[in-house]
Structure formats: structure tokens, C-alpha cells
Amino acid sequence: MIEKARTALNYLISAAMVGVGITHFVNTPFFVSIMPPWIPFHEWMVWLSGVAEIGIGIALAIPRTRKLGSWALIALLIAVFPANIHMAVNHIQPAGVTDPVPAWVAWGRLPLQFLFIGIAWWIGRDAT
């Protein structure tokens, strides 16, 4: 039962990563708008992270590369955490969002990042 849940969650996250990665190219201004100003080359970094997310999603979907994909996802979640902090601390509103994002959503997202890291570890921990 637990293995089926882990497998299902793995494929859900895999698909989500590919989908969000594609979104980095389809809606680049959204992601550029939440980046901290100290990060250079905003558009390039958004595209690079989009490529990384697509690659991670594909790696998670392939049993042979699942462990690598889970570690790559953990690294990515840590790498994008400063943008999440920047968004919460400075109450940044993403470009193209019609209704303002409440501050509690941005702040509530921060501890969720640790949950996502734990899930990424769990789906890859017994992979070969």
C-alpha cells in the first residue's frame, strides 16, 4: 500500500515538475517578477530553472534515474527558496495575477518547502 502511494506521488510530482517547467517558458514574466533583485540574468535563470524542472520531472518518471531526480529536486527546492523568502518578506505580487496574493499564502508556502523536500527524499530513498 505504501509503495503504491509512493509510486503514485512520484508520478504526480513528475508530471507537475514537467508542467511547471513548461510554464517557465509560457509565462516567463510571472517567474521573473518574483525573483530577488540580486540574482542576475532573470530571464535566463527562469529558463534555466524551467529546463531543470522538466529534466527533474523526466528523471523522476524513469525508475533507473528516480534517485538522481529526487536529489536534484531537493537541490532545486533549496535553490529557489530565496525567491520564496523574497516574495513573502517584500510582499511581491507575481506579474499577471489579477487578484493580489494574500501575505499569508506567501508566508505559508515557506514551511511547505520543507514538506516538499521531505517528499522528494521519500520518493527517491529506496530507488535504485
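Modeller: In H1, the buried residues are Arg6, Asn10, Ile13, Ser14, Met17, Gly21 and His24. The model is predicted, local features need pLDDT of at least 70, side-chain atom pairs count only at pLDDT 80 or more, and totals for chains, interfaces and linings use all residues. Residues are numbered from 1 along each chain as its sequence is written, and side-chain values use heavy atoms, leaving out hydrogens and water.

Colleague: Why is arginine 6 called buried?

Modeller: Its relative accessible area is 6%, and buried means under 20%, exposed over 50% and partly exposed in between, with a 1.4 Å probe and protein chains only; therefore arginine 6 counts as buried.

Colleague: What is arginine 6 in contact with, leaving aside its neighbours within four places in sequence?

Modeller: Arginine 6 is in contact (heavy atoms within 4.5 Å) with Trp122, Ile123, Arg125 and Asp126.

Colleague: What covers the buried residues of H1?

Modeller: The cover includes helix H2 (28-33), helix H3 (42-61), helix H4 (66-89) and helix H5 (103-124).

Colleague: How do you know how H1 is oriented to H3?

Modeller: H1 and H3 pack at an angle of about 160°, with their axes 7 Å apart. Angles under 35 degrees count as roughly parallel, over 145 as roughly antiparallel, 65 to 115 as roughly perpendicular and the rest as oblique, so H1 is roughly antiparallel to H3.

Note on methods: Helix = DSSP H or I, 4+ residues; strand = E, 2+ residues; numbered from the N terminus. Axes fitted to C-alpha atoms, helices over the stretch in contact; angles between N-to-C directions.
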